[in-house]
Amino acid sequence: MKNSKIPVVLTIAGSDSGAGAGIQADLKTFSSLGTYGTTVITVVTSQNTLKVSDVQPLELSIISSQIDSIVEDFDLKAIKTGMLFTPEIVSVVAKKAKEYKWNKLIVDPVMVASSGDSLLKLEAINEYKNNLIPISFAITPNIPELATLSGDSIISKNDIKNACVDISKLGVKNIIAKGGHNKSEREATDILFINGTFFEYSLPRLKSSNNHGTGCTFAAAFTANIALGKDIKKSFVDAKEYVWQAMSNDLLLGNGNGPVDHFYQLRK
Ligand code: PXL
């Protein structure tokens, strides 16, 4: 293998035709942060900032062979998953992760789009819990995803912490609970549960409607930071700062929840 100058990362996720979330958000984030992104597409969505109007999963064999193609030729420093949609896709990804012994697998358990459309079949939740989460390095649920995975109802910060403890019993060591959905708070606080202790990081809540793809962008930034060799806490803090900056820069695109500006540095 050549001695590459740039860390290579991989996202295994769905395509968002509006390019605010999914594979497109991941690739922009990877590039913006100085990593080389590769992509395995799981599903194609017909989507804009207003709604998801169609979803088409790809055949399992081409999902599998995309992964094989990347692994054959690139030295992956970290891998992220996004929209996996069906239990069968979750299962194929888990099988490949085990086969290739991925030890930096970041699982963003995507369930619902900012438009409210569903991005995961209910039957896939158990597949996540039984097969993918136990072998992941970190997971990055938002509050509704944390509630679904833990089976707990979440109202307070204490509920978030208890749910993290519950989910860690599946075997995952690092959990980042993204607090953006907790709209009652003036600050947006994300909580990292690492080696049995909690670490919180807050930034002022932005009153932006440009929040399409923020979850994907955060997880992709965290993945890039890990690939760049940053430790877990710094990867977490820097990922949150990146999303905050990207959200602050209003691109004013689309009539719904607009995309964030992944390349805000270019426009400052
Ligand atoms: O942000 C979650 C997400 C993930 N993947 C795809 C999406 C979305 C949200 O819209 O469209 C493909």
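This note goes through the helix packing, the pockets and the cavity of a predicted model.

1. The pair α7 and α8. Helix α7, which covers residues 214–227, and helix α8, which covers residues 232–248, have axes that come within 8 Å and cross at roughly 140°. That angle makes α7 oblique to α8, since an angle has to be over 145 degrees to count as roughly antiparallel. The crossing of these two helices, α7 and α8, is right-handed.

2. The residues between α7 and α8. On the α7 side the contact is made by Thr214, Thr217, Phe218, Ala221, Phe222, Asn225 and Ile226, and on the α8 side by Ile232, Ser235, Phe236, Asp238, Ala239, Lys240, Tyr242, Val243 and Met247. Sorted by class, the contact of α7 with α8 holds 10 nonpolar, four polar and two charged residues.

3. The pair α1 and α7. Helix α7 also packs with α1, at an angle of about 40° and with the two axes 9 Å apart. α1 is therefore oblique to α7, the limit for a roughly parallel pair being an angle under 35 degrees. The crossing of α1 and α7 is right-handed. Here Gly22, Ala25, Asp26, Thr29 and Phe30 of α1 meet Cys216, Thr217, Ala220, Ala221, Thr223 and Ala224 of α7, and by class this contact has six nonpolar, four polar and one charged residues. Thr217 and Ala221 are among the α7 residues that take part in this contact with α1, and both are also listed in the contact with α8.

4. The pair α3 and α4. The axes of helix α3, residues 87–99, and helix α4, residues 124–132, come within 8 Å and cross at roughly 10°, so that α3 and α4 are roughly parallel to each other. Pro87, Val90, Ser91, Val93, Ala94 and Lys98 make the contact from α3, while Ala124, Glu127, Tyr128, Asn131 and Leu132 make it from α4. The contact of α3 with α4 is made up of seven nonpolar, two polar and two charged residues.

5. The largest pocket. About 1000 Å³ of space lies in the largest pocket, whose lining consists of 46 residues, with His181, Asn211, Gly213, Thr214 and Gly215 lying nearest its centre. The elements that give two or more residues to this lining are β1 (8–16), α1 (22–32), β2 (36–47), α5 (143–150), β8 (187–194), α7 and α8. By class the lining of the largest pocket divides into 17 nonpolar, 18 polar and 11 charged residues. Thr214, one of the residues nearest the centre of this pocket, is also part of the contact that α7 makes with α8.

6. The second largest pocket. This pocket holds about 320 Å³ of space, and the residues that line it are Met1, Lys2, Ser4, Ile6, Pro7, Val8, Tyr36, Asp73, Phe74, Asp75 and Lys77. The lining of the second largest pocket has six nonpolar, one polar and four charged residues, with Lys2, Asp73, Asp75 and Lys77 among the residues that line it.

7. The cavity. The structure holds one cavity of 30 Å³ or more, and the volume of the largest cavity is about 50 Å³. Ile143, Lys157, Ile160, Gly179, Asn182, Glu185, Thr189 and Ile191 line this cavity, and the elements that give two or more residues to its lining are α6 (157–168) and β8. The residues of the cavity lining divide into three nonpolar, three polar and two charged. Strand β8 is also listed among the elements that give two or more residues to the lining of the largest pocket.

Notes
Residues numbered from 1 in each chain as written. Predicted model: local features only at pLDDT ≥ 70, side-chain atom pairs only at ≥ 80, totals over all residues. Heavy atoms only, no water. Axes fitted to C-alpha atoms, helices over the stretch in contact; angles between N-to-C directions. Helix = DSSP H or I, 4+ residues; strand = E, 2+ residues; numbered from the N terminus. Parallel < 35°, antiparallel > 145°, perpendicular 65-115°, else oblique. Left-handed = near helix turned anticlockwise from the far one by under 90°. Contact = heavy atoms within 4.5 Å. Nonpolar A, V, L, I, M, F, W, Y, C, P; charged D, E, K, R; others polar. 1 Å grid on protein atoms, 1.4 Å probe; cavity = no way out; pocket = protein on both sides within 12 Å on 5 of 7 lines; lining within 4 Å. Points joined across faces, edges and corners; volume = space filled by probe spheres on them.
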